[in-house]
Amino acid sequence: MAAFSNAAASRNTIELAQTGKRDTLIALERKYQQRWQDEHIFEVNAPTLEETQGLSPTEIKEKYPKWFGNFPYPYMNGSLHLGHAFTISKIEFGAGFQRMLGKRVLFPHGFHCTGMPIKAASDKIIREMEMFGQDFERYQPDAPAPEVAAPTETASSAPGARNDKATKGKVAAKATGLQYQFQIMESMGVPRAEIKKFADPYYWVEFFPPICKSDNNAFGSRIDWRRSFITTDANPYYDSFVRWQANTLYSLGKIKFGERYTIYSPKDGQPCMDHDRSEGEALGPQEYTVIKMAVVEWSPAAKAEIEGKVGGRKVHLVAATLRPETMYGQTNCFVGPALKYGVFAVNDQEAYVCTYRAARNMAYQGAIKPQGHVNQLVEIDGAKIVGTKINAPFALNPEVYVLPMETVLATKGTGVVTSVPSDSPDDYATLMDLRKKPEYYKIEPSWASIDPVPVISTPAYGDMTAPALVQKLKIQSAKDAKQLAEAKEIAYKEGFYNGTMLVGEYKGEFVQDAKAKVRDSMVKQGLAIPYAEPEGLVISRSSDECVVALMDQWYLDYGEASWKATTEKLLAKANTYNSETRNGFEAVLNWLNKWACARTYGLGTKLPWDHTFLVESLSDSTIYMSYYTVAHFLQGGVINGSQTGPLGITPDQMTDEVWNYIFRDGPWPADATVPQDKVDIMKREFEYFYPFDIRSSGKDLIPNHLTFCIYVHAALFPEEKWPLSIRTNGHLMLNGQKMSKSKGNTLTMRESIEKFGADATRLSLADAGDGIEDANFDEKTANANILRLHTLVSWCEEMIKDDSKLRTGDKNYHDRVFEEEVNDLVNITKGHYENTNYKDALKYAFYELQSTRDWYREVTSDVAMHRDLVQHWIRTAALLVLPIAPHFSEHVWTLLGSPTSVQHARWPVTPPADRVIIDAGTYMRETTKTMRDAELSLLKKLTKGKGAAQAAAYDPKKPKAVRIYVATGFPEWQNACVQIVKDAYDEAADKVDDAKARDLLKERGMIKDKRAMPFIQAFKKRMSQFGASIAFNRTVPFSEVTVLTNFLPYLKRTLDLVDIEVLLADDAKTVEGPDFTKTIIDSAEPGSPAFEYRNV
């Protein structure tokens, strides 16, 4: 399929001035990509029956090692963006490395189509075609957006009622800066005349997967495309697989049916799960107790607004609280004076005063009848309710007044707040403010006259927790928001975990025990109702603000004790690569419970026992990694399963019993209509490749998909098939900023490849970072990588085509150093690849390896580099960076004359590097730098008029020479200091006892030596950097004189010296003369020679 890219200009991304070098690299990349596809290099199979004859499963794995890596299949409602490429790269780089270890590497890629996003977008296109015509020809850019009524929600037309369509533009603008779906499609490169086809949701699943495949191929991904598939019932094979999964979980008691709270979209008429949301992912229901406070006497202003308009109903102000046990201490009630409230009919007898948002939630929880219907009788300003007298259930003061509170939010709770100033710092601070200035707040002093009532006793704060905290934190008023937030958290935790009830039916009981009892008692007496709302703003893909609904539904019983325990065992065994990922999983396991696994709207597989429901998108994607192992046998690379695969098995033959035989080692079904030998082929494939070795994903999937994945694996598979590792990464920023289409700061995967080439993009993704924190793709780095690659390719071509300028024969000292340094980089790089630290792998495989070559080329410029070592370096360079930059490696491999692809190459086998020679090489580099720095320092002194004696002896414009002073031992005072540190060091604690070190300095007469303490502090720092054993071992493992002697020709050339002398510091001290400066000689230490310049 032709390349497909985002047509929208990225305003905040860089433009390339010249593209010749890039175009050369891209031409090579396309050439080798075609070769890999033609040779089917990335198609991998399990060993055949003949290959494994007589071998046990363990012996098979030892003889034919495998590696199976995967990542969450992307959603097919658009092209892959650079964030997708970043997550893909973690598996892609790993696949490249594991191939080099001789393993059979499986890297598959599926296409997720289940859920709401595609259906919601196609429905938008249908509505927009109705508004603007088949090709949107009636659209006027400057015309106001027409309003379209929400199709499913029943709501009154009461003043202040929210229009759910109002968020459509907001949500679209937040995502893309565009208002309509057809505009979004145009920005993605779809011609306007083609957009009408996307009104059919199944056209999306035909259109985008080939584009995704093309983009991955252009990236150089090592994917076995035979195993690809789309989800939903559009693929009968995958549909069968998901039905088996659902049936099995149901039979195991993991899927249940019952009434529970769930995030719900009234517009869509179904639960709105994480992947169905455009905003508010990972937010769940927050449960409250709503206290019913009957109106005793309206304030005059409220009476004028309400009287005669409620149909004789009894009216209650309803307040949502998380602390029902404190209701005994109510002294008043708060409303937001600037907020809009409504009086909402509950039934024919009762009405509630609250915000419209709260009433809308209640309407889907059975609190307001009929279901989903919000009947607002009156709208009233909060300020007019102030002064109303109400009943306070359970309160020791049964009648209290409504008072104003400016911090009440319309977006949280009901907008009505009970006031318990003994235990709520916010309530106490506000009450004190009102008492100080009743006229300012327009209240009668008597309304705020009730003093705080002791309700709970705590060890830390006594009977009045809130007043004590307000005083302790020096809170002056209700405007001290930061301190009040801190006080609120302390008060809640102290009261709940350490509090004891002082009043009421449960007096003397711990708050932890009494809390639920008080709540149940209030509900039973009709003084309170259960209530829930979303933890924050949740917007569905259809642009609907979601509510919490109490509904009968099918749910996965996550959180059930035994299932949770098994899942925790799985997590404990798995490698998560960093503690942050493990902590994230553990936190989710502690709060996750019942999850709605079915919906009625969208695309997907029908629930096998209830076809009115579809399996939702986060529940049909938990174990599909196992389906990769058999997909190619069933579908043969036809992603929608419209053709039978190489085994000739039809979808109807894949019964639950057959799936159970393959994946759960169940018995062979006697009524199977498929030959067992064919199914055994699939079973062997699964047994060989499973469990998967690594799953890589963004960290944002820990609260849902990744945790669901380990839950369902724990339920369906035996322990030996549990995932071996899960790796998570942060989000990818672009040029240091969050990617945003509306801000013009975005790149698709295809755009980056076309802009920088595949390898330059891949190098930059590796360089972006590996941790769980957000990474950064820097376009300047990507642009620089084009030059780096082109320059390196040209140099390799030059060296391979014409080696006449290179040296042959015996190897010299610098050859040995170079060879050992290359071997050392091979081993260091391997360790980083093994640990999936690709940024560090790139550092050593690409940057450090070239720096090593550059030094070797420079230091041997007088005699030329050795031909064998140059060829060895080129070969090594191609292999070490192969996982990350395979196109470069393939080109170099071809230049080296290999008849087979570099993708078949193995990791270079090298002996452990000789550390003595490695250290000598480091010594040469550091010595060169130190000598340059020493001369620069001398020149600065001369320029500033300092060092008159040196000025008389040294003129930088005249011929110059240098003496190098080599010390064979450290100064005695330093040795004494090191011994003191050693004597004060506690090996078990790995810590120096500073007090003991000071005592030893006094004891040994060194406390007044001004050099001692700075030296000891510096030495301790070295201990923390390199470890105690290395720090205490102060010997130099090589002969400095020998190294310097081999090094002198280079030093003379690079520093423009007439002569260099190497002298032992002890010998130099015995020489008398003006050219031998004692302070310089004394500064020499083992491994750190001193230098003295002079004219000759």
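How many bridges join strand β24 to β25, and do they run parallel or antiparallel? Select residues 694-698, which form β24: 4 bridges join this strand to β25, and the two run parallel. Helices (H or I, at least four residues) and strands (E, at least two) are DSSP runs, numbered from the N terminus. Within this pairing, R695 has I726 of β25 as its bridge partner.

The model is predicted, so local features need pLDDT of at least 70 and side-chain atom pairs count only at pLDDT 80 or more, while totals for chains, interfaces and linings use all residues. Residues are numbered from 1 along each chain as its sequence is written, and side-chain values use heavy atoms, with hydrogens and water left out.

Next, select residues 702-716, helix α21. Of its 15 residues, 15 are buried, where buried means under 20% relative accessible area, exposed over 50%, and partly exposed in between (1.4 Å probe, protein chains only).

Move to residues 749-756, helix α22. This helix is largely enclosed by the rest of the structure, because 7 of its 8 residues are buried; among them are M749, R750 and F756. To see what covers these buried residues, display elements including α1 (20-38), α7 (201-219) and α24 (779-801). After α22 comes G757, which has a positive phi, near 90°.

**Salt bridges**

The structure holds 58 salt bridges, each defined as a side-chain nitrogen of Lys or Arg within 4 Å of a carboxyl oxygen of Asp or Glu. Select E821 and R925, whose side chains meet in one at 2.5 Å, N to O. E821 lies in helix α25 (residues 813-834) and R925 in helix α29 (residues 915-943), so the pair ties together parts that are 104 residues apart in sequence. E821 is buried at 8% relative accessibility, whereas R925 is partly exposed at 25%.

Then select E935 and K960, which form a salt bridge at 2.7 Å, N to O. Here α29 contributes E935 and strand β29 (residues 960-966) contributes K960.

Finally, select E43, D224, R226, R227 and E685, which are linked in a network of salt bridges.

Note on methods: Pairing = 2+ DSSP bridges. Contact = heavy atoms within 4.5 Å.
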